Amino acid sequence: MSSRHSPELSGARATSPANTSAAGEVGRAPLVVSNFINGEFVAPASGAYIDDIGPATGEVIARIPDSDARDIDAAVRAAHSAFPAWSRTPVAERSRLLLRLADLIENNLEELARLESRDNGKTVTLARRLDIPRAVANFRFFATAILHYASEAHPTDGVALNYTLRQPLGVAGLISPWNLPLYLLSWKIAPAIATGNTCVAKPSELTPLTANRLAQLARDAGLPPGVINIVHGLGAKAGDALTSHPKVPLISFTGGTVTGAKVAMAAAPHFKRVSLELGGKNPNVIFADADLPEAVKTSIQSSFANQGEICLCGSRIFVERSIHDHFVDEFVAATKQLRIGDPWDEATDVGALISAAHLEKVSGYVELAKQEGGTIVAGGRRIDGAGFFFEPTVVTGLGCDRRVLQEEIFGPVVTITPFDGEDEAIAFANSTRYGLSATLWTRDLQRAHRVAAALDAGTVWINCWLVRDLRVPFGGMKESGVGREGGFESLSFFTEAKNVCVKLA
Ligand code: NAD
């Protein structure tokens with residue numbers, strides 16, 4: 001496959017053919033995925049299935065249930081029935097079961113990494129290094145965090161004792177996207193069930209395979225039937241049935257901002273608790289005093305890791321004018337070194353985009369960048385042949401008011417814009433409706449803290465990117481989301497605080 005990706009590509013180098021390749025999977029019979037309800041793998045009520053396309057090949061690699069409200073309802077009933085026993089299960093036992101599931105994921109890391117890569121188009125090396133270890137970490141973290149989750153008590157002037165009970169809510173509805181499939185699904189399932197809720201999860205219809213494998217592993221780990229239910233299908237059908245189900249009091253959603261608004265509207269009539277982790281258009285601000293080689297190296301990662309399909313990717317780079325041209329030269333040279341091609345080739349840096357539709361969208365934004373007056377200084381082209389590949393692309397010459405700098409592209413496309421001084425850097429960084437994350441590069445400690453405080457972002461990285469500690473709060477400002485998850489924020493989100501007041505005198 002890789003030979004198709006000719007080395008003369010302007011923005012990237014092609015990888016050499018590999019012994020094992022995602023393309024080598026062509027012709028294999030598609031897997032048939034089932035829903036996982038009450039501990040059993042079951043067909044959808046409609047009997048209908050949707051094709052799951054492998055991004056590296058364009059081939060159908062699986063058929064997944066086209067679930068509807070009947071399947072969601074069956075899963076919610078199962079979760080509802082399992083809730084009383086699970087919520088009363090001693091916390092040490094819940095912890096033990098989650099740790100066992102974490103071990104099983106770890107024991108199957110290579111298989112899961114390959115499934116993720118095949119389903120999503122990401123490189124297997126990234127799935128091995130990031131996605132699957134993070135799923136293991138999510139289960140381990142919440143299995144142990146729950147052991148230390150205390151609540152407060154307030155002796156009230158000798159008259160009364162107030163204390164807080166933290167109780168699970170019931171059936172948690174969990175909806176996840178395709179870009180980090182198991183990573184984000186486990187980020188929701190682990191805290192939901194650690195705190196004693198049961199759940200119905202709806203993974204993205206574009207990446208069902210690791211969720212399907214997780215269901216098998218959950219059963220092998222000994223999780224009781226009904227604690228984790230997984231229903232596959234389309235967002236507008238299965239997803240909407242979940243968000244509007246009256247017996248689901250809580251929704252944790254990660255996905256696009258437009259979908260987030262629909263989820264909020266479906267949940268509102270039932271007064272559900274909702275956490276929305278949405279889109280981003282993250283700034284990467286580089287001051288003249290930055291460690292430039294380090295800033296270039298990390299900015300290549302933050303721009304193009306996972307094909308730019310990470311909500312935290314820094315898609316708008318702002319560089320202080322005195323070093324702008326030098327930065328562009330260095331950044332473009334490093335971009336052209338990236339190898340694009342077979343996601344299963346160990347040498348590949350950039351794999352395939354998720355779908356033909358997404359490839360169209362990304363190409364459309366690159367055309368728009370030209371129409372808006374931008375210059376494509378690296379990449380800019382899709383790669384002919386099967387699979388959905390697009391060159392890592394660098395655009396210069398566009399101001400902050402251009403659509404290319406305002407709208408989330410969610411692909412391997414980054415803009416570079418010069419700025420003059422700290423105030424302009426902050427104004428440029430904050431000039432979108434999003435506020436998910438930001439990165440800034442400077443050696444000036446005081447400026448680093450000053451600018452971090454002024455940025456509209458739920459997370460600010462200083463002289464680094466994607467350094468994640470599961471204990472810290474995570475979420476977005478503005479149209480990047482509502483609520484925080486992570487660490488005790490997740491435990492708090494997945495529990496109801498109840499005040500109990502006992503009269504003492
Ligand atoms: P999406 O919004 O299209 O889909 C996300 C999930 O929602 C999928 O499972 C989908 O089936 C479901 N869905 C779609 N319509 C629905 C509806 N009406 N009701 C209920 N569920 C519905 O997003 P996507 O394309 O899968 O993912 C990409 C987006 O996710 C990007 O915008 C990215 O920035 C965002 N994202 C955000 C974070 C974060 O933590 N903030 C993390 C990863 C991705």
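**Exercise 1.** State where the ligand sits.

*Solution.* The ligand sits in the largest pocket. A pocket is, on a 1 Å grid over the protein atoms alone, an open set of points where a 1.4 Å probe fits, with protein on both sides within 12 Å along at least five of seven lines. To sit there, more than half of a molecule's atoms must lie within 2 Å of the grid points. The model is predicted: local features need pLDDT of at least 70, side-chain atom pairs pLDDT 80 or more, while totals for chains, interfaces and linings use all residues. Residues are numbered from 1 along each chain, and side-chain values use heavy atoms, without hydrogens and water.

**Exercise 2.** Describe the residues that surround the ligand.

*Solution.* Step 1: 30 residues surround the ligand, Trp178 and Glu205 being among the closest; each has a heavy atom within 4 Å of the ligand. Step 2: domain 1 (33–278 + 480–500) and domain 2 (283–470) both contribute to this shell, so the ligand lies between them; the bounds come from an automatic or database domain assignment.

**Exercise 3.** Give the distances from ligand oxygen atoms to Glu205, Lys202 and Ser176.

*Solution.* Step 1: a polar side-chain atom of Glu205 lies 2.6 Å from a ligand oxygen. Step 2: for a side-chain N or O atom of Lys202, the distance is 2.8 Å. Step 3: a backbone N or O atom of Ser176 lies 2.8 Å from a ligand oxygen.

How values were computed:
A polar contact is a pair of N or O atoms within 3.5 Å; within protein, one must be able to donate a hydrogen and the other to accept it, and residues adjacent in sequence count only if both atoms are side-chain atoms. On a 1 Å grid over the protein atoms alone, a cavity is a set of points where a 1.4 Å probe fits but cannot get out, and a pocket is an open set with protein on both sides within 12 Å along at least five of seven lines; lining residues have an atom within 4 Å of a point.
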